[in-house]
Structure formats: structure tokens, C-alpha cells
Amino acid sequence: MKKIVPVLFVAMLAVTAVFTGCGGGNTEVLKDGDHAELRLMAGGTQWQGTYLENLTDFVNDFNAGKLGEEAKNLNVTITLDPVSDMASTYPTRLRSASRYPHLMLFDRFNTPEYVNNDFILDLTDMFAERNVDTSLYTDAAMTEMQVSGKTYGLPIDLDLWGIYVNTDMVDKYNKDKSDSEKITLDSEWTWTEFLSIAKKLTTGSGDSKVAGYYTGDLHEHFYKYFLTTGEDFLTPSNIPNMDTDAAKAVLEFFKEMKDSNVSKNVEAIGFPRGQVAMYTQATYYADYIKRMNPDMHYKFMPMPKAERSGYTFGDAQSGGMFGGFGLVVPKPIQKIRDEVYDSYVKRSVDLLEWWTTGEGARYWAQYTETMPALNSLRADAELMNTQVLQDAAALVNKYQIRPQLPGYMNYQIYTVNSNVTAYLDGTRTLGDTLGRLKDTSYLLG
């Protein structure tokens, strides 16, 4: 699951200054017909556990020639390099001819940050020469790969964030209830209905308590809940829009949820273990549940739409935020970008194109059981054969991406997470929290 982790690029650049380019690496220009060994970096803390296992299986089978004739014809071997600490690792690699990655798989909302730091290659002209049709992808996912009219890569999947609901627990609750008391799961549910369900599904106490909803990570979901109000998160001048009723309502609702005693101190493992009835996570999480508890029954629901006494949200809707992964070509320091580098770029883009527009897009969806960013594949019944994907596919048009600004990730971590946590802990007032959430120290808009 893709937890947001800090990447302080100012610090990253300072770190890279102490390194010099290493010798070795690729020394000869790749010619047509030459076999290419390409280094693929998978960047971010999400590449562990089931996510890394799926990626590793995909790469191993690619190298073994099991992913179709198109893959074989690429004449490429992939060396996988999963890196969690991008802040210290990636800039350093860009200074080494023998270690810089030829291709990178990463959380694509980071594209503006990487472009701002000149860390990835502009592929606009290459895509034009190859007649790559970017309209084939979900618009918002493609937007995350573009900055100032230039295209830096292609998306491979859609990862929608929503509420996982244990339907076994819902059925158990409903068993002896009248129709008026029963829990009904409707994709148009509201905050009020959602919290009511969380209270109904909270049972027991102490170690045997079953939580209706996990509230321990609410600070991470502030933006997702904000989106359901229908109000813009940023003003036209890219200032966080904290002077509206939306921000106040989200924080007050968070406080009410936390004070409702519907939670328990569990995280990702708690849901498949039956310790919590509802949990906020992305569609990628379904594969984790499948491995932990394959017999469990559950439903993926959108974030509930804003509804709160004293507030009016005319454009409120269920939905939320989505992200996903993208493939880009890293841009090492100038002295490494020679004709040898250029020849490897060409082969890297061959692989990128296969993975995102060719057979590889379908294989990736099979191996990871994720929703394709390629619009045509979402009509493929064989690929969309899980309930989570079917539930999520019907919601795509209600979802939005993160603000496309360099520094957004650090704003989330150091501004949102810390201040929302302080408010929920009672160490910061509502007014003070809202004021601090307007801080743009990390946003480079």
C-alpha cells in the first residue's frame, strides 16, 4: 500500500554534491539487434511485501520469455532494483554511469517534483515520433505524467482510494435486524451514514473489540475527505483553500470519528484479521487481503460524500482520490548523457511502450490484479474479474488526482499530517490548525 514518505529534494541535491560520477557502466552504443540489459528502479516504500512479489514475478517471467512474442522481440533483460529510500539513493545513482537506472517505476504524482529537479527525461518528441496516442489513457492519470505541456512518461494503472467494508460483519449485523435497522451499502453514502455504520459494526471491548472503522491514520486522508465536499483544494494562486467550510467540516468530522470510540490500534493487518470492519485503503490493497485471508468477503466503497449539520455543500459527492504508477526514463548528470546513453534511452522507451500500450499492459494487470490506466483494458472482462475492480471501475469518473505541484508530498507529510494529528490530539485548536494548513513552505506553485 502506498504510504506517502518524505522526499526533501533540496536535501537530496545537497547530498548529491559530494559524489562524483563512477567509471564503468555501459560503454558501447547499442546497435539494432544488440541485446540490452536495462536497469529498472522501482522507487518508493510501497515496493515491499506483496507489491514487490508481484513486480518480481512480472520481471522474472519477462526475462524468462513467458510474456509473449512482443516481449521476446525487445531483446531485453531487466535487472530489478527496488529502492525505498529515494531521497538518498536516486540522486546519487544519477551521478553514476554504472548505476543510474534506465527506467523507473514510481508513484506518478511525483512527476512535477522530479521535473522541477531535472531528474527525468522529457519524452514528448520521442512519443510523437512513435505516434504514441496519450488519449488512450484515463485523462487524469495522463495528466500526472505531464508538466507544462511536456510528457515525461506513461501511466500503467489506476489506484483508487476508498473504504473497504467487511460484508461478513455487515451480514452478521443484519441477520436479526428489521429492515429499517439493517445496514445498506450504497455508493452514494454520506459521512453521516458512514459513521452510523461504523458505530453499528463496533462490538466488544479490550483485546476482543472489533472496531467499526480504523481512525489511526485519519491525518493521511484529509485530502481524500476534502474532495468529497466538492470544493477546490487550492485557490487560483495555489494556496490551500482552508478559509472555506470544507476544511472546517472535515476536521470536525475527523474529531467526531475519533471521539466516537469506533477504532482500535490496528493497521493494515487488522482488516483481513477481522479486527476492524472498515478500513481506508487503495485498490492495490485487495491483493494483500487475498493473500492474508482469501476466504474473507468485502466490498470496496468510495469515500462517503460530505454531509454535516450547519454546512451546505452543493457539489458534494462520493468519490475521492486516485493515483497509481508511471514509467519514466531517468535523466543522469550531463557528462553521462552521451551517445551511449541515448542508445539506451531508445531501448528503454521500447520497453516502456510495450509495458504501457502493448501486451505488457495486459500482463501487468494480470500479475497485479490492478485497474489498467489504458482505457480499453477496463472493458476486458477477464482482467476485471474481481469484485473490487468492478466496484472501483464504476467510480473512476468521480475520482480526482492530487494537486500537481512540486512539493505536494512534503506538504502532505510536514504540514497536513503533523497539524491534523495535533488537532485530533487536542494540542491545537481548529482555527490554529486551519491557519497552519495554509502554509505553502513546501508547495512550489
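Strands 7 and 8 run antiparallel to each other, with five bridges between strand 7 (residues 157–166) and strand 8. In this predicted model, Ile163 sits opposite Thr280 of strand 8.

Strand 8 spans residues 278–282, and five of its five residues are buried, so the rest of the structure largely encloses it. Side chains in a regular strand alternate between the two faces of the sheet. Here, Met278, Thr280 and Ala282 point one way, while Tyr279 and Gln281 point the other way.

Next comes helix 8, residues 167–174, where Thr167, Met169, Val170, Tyr173 and Asn174 are buried. These residues take up an arc of only 155° around the axis, which means they lie on the same side of helix 8. Their cover includes strand 7, along with helix 9 and strand 9. At the start of helix 8, Asn166 brings a side-chain oxygen to within 2.9 Å of the backbone nitrogen of Asp168.

Here are the elements just mentioned, with their residue ranges:

| Element | Residues |
|---|---|
| Strand 7 | 157–166 |
| Strand 8 | 278–282 |
| Helix 8 | 167–174 |
| Helix 9 | 191–200 |
| Strand 9 | 298–301 |

Now for the cores. The largest nonpolar core has 93 residues, and Leu105, Leu160 and Trp355 touch the most other members. Helix 13 (residues 339–357) is the top contributor to this core, giving nine residues. Leaving out residues up to four places away in sequence, Trp355 touches Leu40, Leu55, Phe58, Leu105, Ile156, Leu327, Gly360, Ala361 and Trp364. Another core, of 54 residues, lies apart from the largest one, and its members include Ile183, Ala246, Ala247 and Phe313.

Note on methods. Residues numbered from 1 in each chain as written. Predicted model: local features only at pLDDT ≥ 70, side-chain atom pairs only at ≥ 80, totals over all residues. Heavy atoms only, no water. Buried < 20%, exposed > 50% of the residue type's maximum accessible area, 1.4 Å probe, protein only. Helix = DSSP H or I, 4+ residues; strand = E, 2+ residues; numbered from the N terminus. Pairing = 2+ DSSP bridges. Core = buried A, V, L, I, M, F, W, Y, C linked by side-chain atoms within 4.5 Å. Contact = heavy atoms within 4.5 Å. Arc of directions from axis to C-beta. Polar contact = N/O pair within 3.5 Å; in protein donor to acceptor, adjacent residues only side chain to side chain.
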